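Dear colleague,

Please find below the structure that I am handing over to you.

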Amino acid sequence: MNTTKIKTAYNKLAKDYNRLIDHKPHNAYYDRPNTLKLIGDVTNKHILDAACGPGKYAEILFSKKATVVGLDISKEMIKYAKERNENRGDFYIHDIQEPLSMCKSETFDIVLCALAMHYIKDWKITLQEFYRVLKPNGELIISIEHPFFEYQYYNSEIYFNIEPVQCTWTGFGTPIEIYSYRRSLQDCINPLIENGFSISKLIEPKPVKEFKNLDPKHYEELNQFPAFMCIKAKK
Ligand SMILES: C[S@@+](CC[C@H](N)C(=O)[O-])C[C@H]1O[C@@H](n2cnc3c(N)ncnc32)[C@H](O)[C@@H]1O
């Protein structure tokens, strides 16, 4: 139900998202430093950036001597990802709920999926495909909205349900409706295990100090309660 709405929203958002992503506090000084720390050394690693957005992660990973293939459902995001990473990597418009037909089995050292799994209701095909394209012992790195944060933020009633939720983002210029799925902690963890992964680390991140100067209120809040969580899982 939400896929078309999500694609439309991100196509509209892409220009401002790309313009702001380098220093947007929740991305630049909360998600990315924590997720990149979890990924570790990427020298000579081949990485699939699933739901790559405007290619900011790819840009950083290339600068650390990795090679990257990026996928995103939004054609506008892919346009910016290609612009940002001129002559480097391959970027495809693709819905990661569908088989990753452009990717051979056992080719990637790392699959990264940052801040996107909450747009997917049923994780089965996505996780099966991530597993298939990873080399033996390859690692899946996910960052996602924290289930406890979302439960409060959306004033949910039944914690255990996977439910469609909606909010208005105002931080990227024109306000825009964003549709996603809220789920419980067990519905974030168990699909990974059921699809063959072993979880090696889970981080409830804290913002880095640059966040404080740009947005002291949220810096304070995020030091008290997490909005995201980052997971490392091994094939
Ligand atoms: C919050 S942005 C994160 C972008 C990037 N991973 C980052 O952290 O900078 C979420 C991205 O997920 C993409 N997305 C949402 N649903 C998707 C799907 N089913 N398949 C592929 N991409 C999807 C959106 O188009 C958007 O670019």
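**The ligand and its pocket**

The shell around the ligand is made up, by class, of 13 nonpolar, four polar and two charged residues. Please bear in mind that this is a predicted model.

Of the 19 residues around the ligand, those that come nearest are Ala 51, Asp 72, Asp 95, Ile 96 and Ala 114. Helix H1 (residues 3-20) supplies the largest share of this shell, namely three residues.

Polar atoms of the protein also face nitrogen atoms of the ligand. A polar side-chain atom of Asp 95 lies 2.8 Å from a ligand nitrogen. For Ile 73, a backbone N or O atom is 3.1 Å from a nitrogen atom of the ligand. In the side chain of Gln 97, an N or O atom lies 3.5 Å from a ligand nitrogen. The ligand taken alone exposes 600 Å², of which the protein buries 98%.

Where does the ligand sit? The space that the ligand takes is the largest pocket. This pocket has a volume of about 1,200 Å³. Its lining comprises 49 residues, and Leu 115, Tyr 119, Glu 145, Trp 169 and Phe 228 lie nearest its centre. The elements giving two or more residues to this lining are H1, helix H2 (25-39), helix H3 (56-63), helix H6 (147-153), strand E6 (163-169) and helix H9 (216-224). Of these, H2 gives the most, with five residues. By class, the lining of the largest pocket holds 27 nonpolar, 12 polar and 10 charged residues.

Yours sincerely

Terms used: Residues numbered from 1 in each chain as written. Predicted model: local features only at pLDDT ≥ 70, side-chain atom pairs only at ≥ 80, totals over all residues. Heavy atoms only, no water. Near = heavy atom within 4 Å. Polar contact = N/O pair within 3.5 Å; in protein donor to acceptor, adjacent residues only side chain to side chain. Areas by Shrake-Rupley, 256 points an atom, 1.4 Å probe, with all protein chains shown as cover. 1 Å grid on protein atoms, 1.4 Å probe; cavity = no way out; pocket = protein on both sides within 12 Å on 5 of 7 lines; lining within 4 Å. Sits in = over half its atoms within 2 Å of the grid points. Helix = DSSP H or I, 4+ residues; strand = E, 2+ residues; numbered from the N terminus. Nonpolar A, V, L, I, M, F, W, Y, C, P; charged D, E, K, R; others polar. Points joined across faces, edges and corners; volume = space filled by probe spheres on them.
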